[in-house]
Amino acid sequence: KTRGIVGEVQLGMMLEQFLSPDQFIRNAQVKADSAERVEFAIRFFSRDGDGDGRLPIDAKFPHEDYDRLAQAADRADPDAVEAAARALEAAVRGFAKTISDKYINPPETTDFAILYLPTEPLFAEILRRPGLHEQLQREYRVTVAGPTTLACMLNAFQMGFRSLAIQKQ
């Protein structure tokens, strides 16, 4: 729980750094008939200024699974490495399914969500698993992002928001 909070705090700080307070929502409700709340949602506006939709972003930190993988690699135990990597992969798949089921709700939300992993080595390990990133996008409509990737996404969103503001003027 504590590690998850670290990821959530880091995600919040990144959003605050790139976006204005009205461009994202903390603990956003994405389904009217549900009490479920996603940690953050980026607000997308239409040309007339109304909030059109939200992009759900949920931070997860499967630290124990990643630690087991790193320890197995340090011991040079290929069987343990593969078992730990499969467990990490299963955990991330489970996170993606949960995010998809709970938080993707077009037209109130975008038709995809972001699963934020708060460390680059963890994110790199997920990308290293053959086909996993693509499978999460295809089956669950969830994009995995690490700190650097999310910063690039937020920068692109920020440019889009500025472009929209210029068009309004």
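Start by selecting helix H3 (residues 78-103) and helix H5 (residues 132-140): H3 passes H5 in a right-handed crossing, meaning that the near helix is turned clockwise from the far one by less than a right angle. This is a predicted model, where local features need pLDDT of at least 70 and side-chain atom pairs count only at pLDDT 80 or more, while totals for chains, interfaces and linings use all residues. Residues are numbered from 1 along each chain as its sequence is written, and side-chain values use heavy atoms, leaving out hydrogens and water.

The axes of H3 and H5 lie 10 Å apart at an angle of about 25°, so the two helices are roughly parallel (angles under 35 degrees). Now show the side chains in contact (heavy atoms within 4.5 Å): Glu89, Val92, Arg93, Ala96, Lys97 and Ser100 from H3, with Leu132, Gln135, Leu136 and Tyr140 from H5.

Next, pick Leu132 in helix H5. Leu132 counts as buried because its relative accessibility is 0% (the cut-off is under 20%, with a 1.4 Å probe and protein chains only). Leaving aside residues up to four places away in sequence, Leu132 touches Glu89, Arg93 and Ile126. Draw a line between the C-alpha atoms of Leu132 and Arg93, and you span 8.4 Å.

Finally, select Leu115, Ile126, Leu136, Val142 and Val144, which touch the most other members of the 25-residue largest nonpolar core (buried Ala, Val, Leu, Ile, Met, Phe, Trp, Tyr and Cys residues joined through side-chain atoms within 4.5 Å). H3 gives the most to this core, with seven residues.

Notes
Axes fitted to C-alpha atoms, helices over the stretch in contact; angles between N-to-C directions. Helix = DSSP H or I, 4+ residues; strand = E, 2+ residues; numbered from the N terminus. Parallel < 35°, antiparallel > 145°, perpendicular 65-115°, else oblique. Buried < 20%, exposed > 50% of the residue type's maximum accessible area, 1.4 Å probe, protein only.
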